[in-house]
Amino acid sequence: MFIKKFTPKKKLGQNFLNNLYIIKKIIKIIKIKKKNILIEIGVGFGIISKLIILNINKIILIEIDKNLIFFLKKFLQFKNKKILIYKKNIFKINLLNIAKKECKLIKLFGNIPYNISTNLIFYIIKYLYYIKCVYILLQKEFFDKIIYIINKKKPGRLNIIIKYYFIIKPIFKISKNAFIPKPKIESIFLIIKPFKKKYFVNNINNLKLVIKKSFKQRRKKIKNNFKNLFSKKQLKLIKINPNNRAENILLSDFCILSNLITINKFYKNKYYKI
């Protein structure tokens with residue numbers, strides 16, 4: 001009765017997965033084990049949680065909508081010690097504290113609204129070393145525009161950062177008919193895993209700076225974007241063409257450039273004296 005009366009909030013991007021076949025398929029892919037720490041982002045009506053609780057020692061639910069929390073406490077038998085509910089924005093949750101308390105890496109899963117997708121990527125990066133895996137439903141539009149173009153079109157700043165930190169594996173598309181209310185576009189279920197990095201970076205903030213500078217004016221040549229960081233001679237020395245644009249630079253080159261900043265600071269010069 002509550003579900004029929006509930007009015008989804010557009011500002012919270014509330015589109016609830018309501019297809020039992022797809023829900024069971026997702027649970028199977030997550031490969032739940034008794035001792036896992038599971039955190040669900042945006043619990044909705046708790047349909048997924050209700051099925052997962054049977055096979056796990058503990059589940060942490062993050063939901064910002066107070067009306068849904070009121071419903072969840074009844075639907076999920078809240079007195080059950082297996083369930084912990086936070087009425088918070090996911091970005092206010094400190095995953096480090098949870099991982100330390102449980103002495104385990106965390107599995108995150110959830111149906112993610114379009115309007116927090118980019119922020120969620122940076123949130124995952126912040127707690128990267130405390131996360132085992134992330135299973136999320138994203139609107140396919142975000143996936144196509146931001147993630148999939150890593151290998152298909154000219155990359156952007158977010159693409160390079162994602163490529164450095166994660167392996168992202170799309171699993172299957174989900175029709176808009178599987179949600180209540182029905183969204184305008186399809187969704188996609190994907191797995192995000194922390195990446196065993198191929199390239200060494202001695203200061204991750206330097207990598208972010210180099211990427212930000214290079215894409216700030218993406219139509220300009222990098223010799224112009226980097227004029228306060230590197231000399232043309234330095235770029236040529238490490239075999240990077242100063243006349244290239246940001247989208248032509250490889251991930252490995254971004255990593256080399258970030259390490260070069262550290263070297264320049266060490267010698268307390270703006271540039272090498274080449």
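## Close-up views

**View 1. A cis peptide bond at Pro181.** Pro181 sits in the loop that runs between strand E8 (179-180) and strand E9 (187-194). Before going further, keep in mind that this is a predicted model. The thing to look for here is the peptide bond leading from Ile180 to Pro181, which is cis, with omega near -10 degrees.

**View 2. The whole protein chain, before zooming in again.** The protein chain has 274 residues, and 46% of them count as buried. Follow the protein chain along and you'll come across 12 helices and nine strands. How much of the contact between residues with a separation of 6 or more comes from residues 24 or more positions apart? Such residues account for 68% of those contacts in the protein chain.

**View 3. Helix H8 meeting helix H9.** Here's a pair of helices to take some time over: H8 covers residues 157-165 and H9 covers residues 204-216. Their axes come within 9 Å and cross at roughly 150 degrees. Angles over 145 degrees count as roughly antiparallel, so that is how H8 and H9 lie to each other. As for handedness, H8 passes H9 in a right-handed crossing. On the H8 side, the contact is made by Arg157, Ile160, Ile161, Tyr164 and Tyr165. H9 brings Ile204, Leu207, Lys208, Ile211, Lys212 and Phe215 to the contact. Sort the residues of this contact by class and you get eight nonpolar and three charged ones, with no polar residues.

**View 4. Helix H8 and how covered it is.** Staying with H8, is this helix mostly covered or mostly open? H8 is mostly covered, with seven of its nine residues buried. Those buried residues are Leu158, Asn159, Ile160, Ile161, Ile162, Tyr164 and Tyr165.

**View 5. Lys140, a buried lysine.** Lys140 belongs to helix H7, which spans residues 140-147. Is Lys140 buried or exposed? Its relative accessible area is 19%, and because the cut-off for buried is under 20%, Lys140 counts as buried.

View 6. Take a look at Cys133, which is buried, with a relative accessible area of 3%. Cys255 is buried too, and its relative accessible area is 2%.

**View 7. Lys31 and its positive phi.** Find Lys31 in the loop between helix H2 (20-30) and strand E2 (37-41). Its phi is positive, at about 55 degrees, although Lys31 is not a glycine. Lys31 counts as exposed, because its relative accessibility of 61% is over the 50% cut-off.

**View 8. Lys239, another lysine with a positive phi.** What is the phi of Lys239 near? Phi of Lys239 is near 60 degrees, again a positive value in a residue other than glycine. You'll find Lys239 in the loop that links helix H11 (232-237) and helix H12 (251-266). With a relative accessibility of 77%, Lys239 counts as exposed.

Methods
Residues are numbered from 1 along each chain as its sequence is written. This is a predicted model: local features need pLDDT of at least 70, side-chain atom pairs count only at pLDDT 80 or more; totals for chains, interfaces and linings use all residues. Side-chain values use heavy atoms; hydrogens and water are left out. Axes are lines fitted to C-alpha atoms, for helices over the stretch in contact, and angles run from 0 to 180 degrees between N-to-C directions. Helices (H or I, at least four residues) and strands (E, at least two) are DSSP runs, numbered from the N terminus. Angles under 35 degrees count as roughly parallel, over 145 as roughly antiparallel, 65 to 115 as roughly perpendicular and the rest as oblique. A crossing is left-handed if the near helix is turned anticlockwise from the far one by less than a right angle, and right-handed if clockwise. Contact means heavy atoms within 4.5 Å. Ala, Val, Leu, Ile, Met, Phe, Trp, Tyr, Cys and Pro count as nonpolar, Asp, Glu, Lys and Arg as charged, and the others, Gly among them, as polar. Buried means under 20% relative accessible area, exposed over 50%, partly exposed in between (1.4 Å probe, protein chains only).
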